[in-house]
Amino acid sequence: MRRLTILTFLLSVTFLLPKAVLAQHLYVLVAGNTNSQVVGDGVRRNMEWTRDAFRAGVPKDRLSVRFLHGESLNAKTLLESIAKCPVKQDDAIVVWWLGRGEFQEDQRILLMPDGTPLASSVVRDQLVAKTARLAVMVVDAYGRTLPASDLPEKTMCPAPAVSVSPVFQALFFEPSGMV
């Protein structure tokens, strides 16, 4: 009888525990310097590959992807885009930088198409201010130029997701904090 009481108690406690809270929506801002005549086409392709990877892992009703590139990309528009993103406390936000970058005094610098430097810490601080469940900043920067002709041809994107894949669930919907 005592085992039944303990089992009943454990099952009751299990059902009373709060369910794990998962991110509800994933916002992705892909910012790419496509202005370069040498690497602009390659950056554009990388932006598409990034978008397609998210589309393959997250269904469209839980995913918003926005591109910021060309003449519309500068420090002000990048920071404003993050500030205006409608991310809520139970959502996740990813900012993915594709473009020139360098280090200055142990600081990672994003070089805008017009040559203006933007410290990655400024972008990080803007993301942290969003109070999203999870904020991720990916800096995919190059220091030298590689012609687009040296990149592989456009790849076939898998079919759009109908449910969140386990990998995307574990990477973007379950964790919290700033990465």
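Me: What share of the 179 residues in the protein chain is buried, and what makes a residue count as buried?

Reply: Buried residues account for 39% of the 179 residues in the protein chain. The term buried applies under 20% relative accessible area, exposed applies over 50%, and partly exposed covers the range in between (1.4 Å probe, protein chains only). The model is predicted: local features need pLDDT of at least 70, side-chain atom pairs count only at pLDDT 80 or more, and totals for chains, interfaces and linings use all residues. Residues are numbered from 1 along each chain as its sequence is written, and side-chain values use heavy atoms, with hydrogens and water left out.

Me: How many helices and strands does the protein chain contain, and what makes a segment one or the other?

Reply: The protein chain has five helices and seven strands, arranged along the sequence as α-β-α-β-α-β-β-β-α-β-α-β. Both are DSSP runs numbered from the N terminus; a helix is H or I with at least four residues, and a strand is E with at least two.

Me: How do you know what span is expected for helix 2?

Reply: The expected span is 1.5 Å times one less than the number of residues. Helix 2 (residues 40-57) has 18 residues and runs 26 Å from first C-alpha to last, close to the 26 Å expected. Its buried residues include G40, V43, M47 and F54, and the buried residues of helix 2 pack against strand 1, strand 2, strand 3, strand 6 (134-142) and helix 5 (166-173).

Me: Why is R51 called buried?

Reply: R51, in helix 2, has a relative accessible area of 17%. The limit for buried is under 20%, and R51 is therefore buried. Beyond its neighbours within four places in sequence, R51 is in contact (heavy atoms within 4.5 Å) with V65 and F67.

Me: Why is I82 called buried?

Reply: I82 lies in helix 3 and has 1% relative accessibility, so I82 counts as buried. Not counting residues up to four places away in sequence, I82 touches L29, V95, V123, Q126, L127 and K130. I82 and A129 are 47 residues apart in sequence and 9.7 Å apart from C-alpha to C-alpha.

Me: What makes Q107 neither buried nor exposed?

Reply: Q107, in strand 4 (residues 107-111), has a relative accessible area of 26%; this value is in between the two limits, and Q107 is therefore partly exposed. Leaving aside residues within four places in sequence, Q107 is in contact with E102, A119, S120 and S121.

Me: Why is T131 called exposed?

Reply: T131 reaches 54% relative accessibility and therefore counts as exposed, the limit being over 50%. T131 sits in the loop between helix 4 (120-128) and strand 6, and its phi is near 55°, a positive value in a residue other than glycine.

Me: What makes a set of grid points a pocket, and which residues line the second largest pocket?

Reply: On a 1 Å grid over the protein atoms alone, a pocket is an open set with protein on both sides within 12 Å along at least five of seven lines; lining residues have an atom within 4 Å of a point. The second largest pocket is lined by Y27, V28, L29, S64, V65, R66, S81, I82, C85, P86, I93 and V94. Its volume, the space filled by probe spheres set on the points, is about 150 Å³.

Conventions: On a 1 Å grid over the protein atoms alone, a cavity is a set of points where a 1.4 Å probe fits but cannot get out, and a pocket is an open set with protein on both sides within 12 Å along at least five of seven lines; lining residues have an atom within 4 Å of a point.
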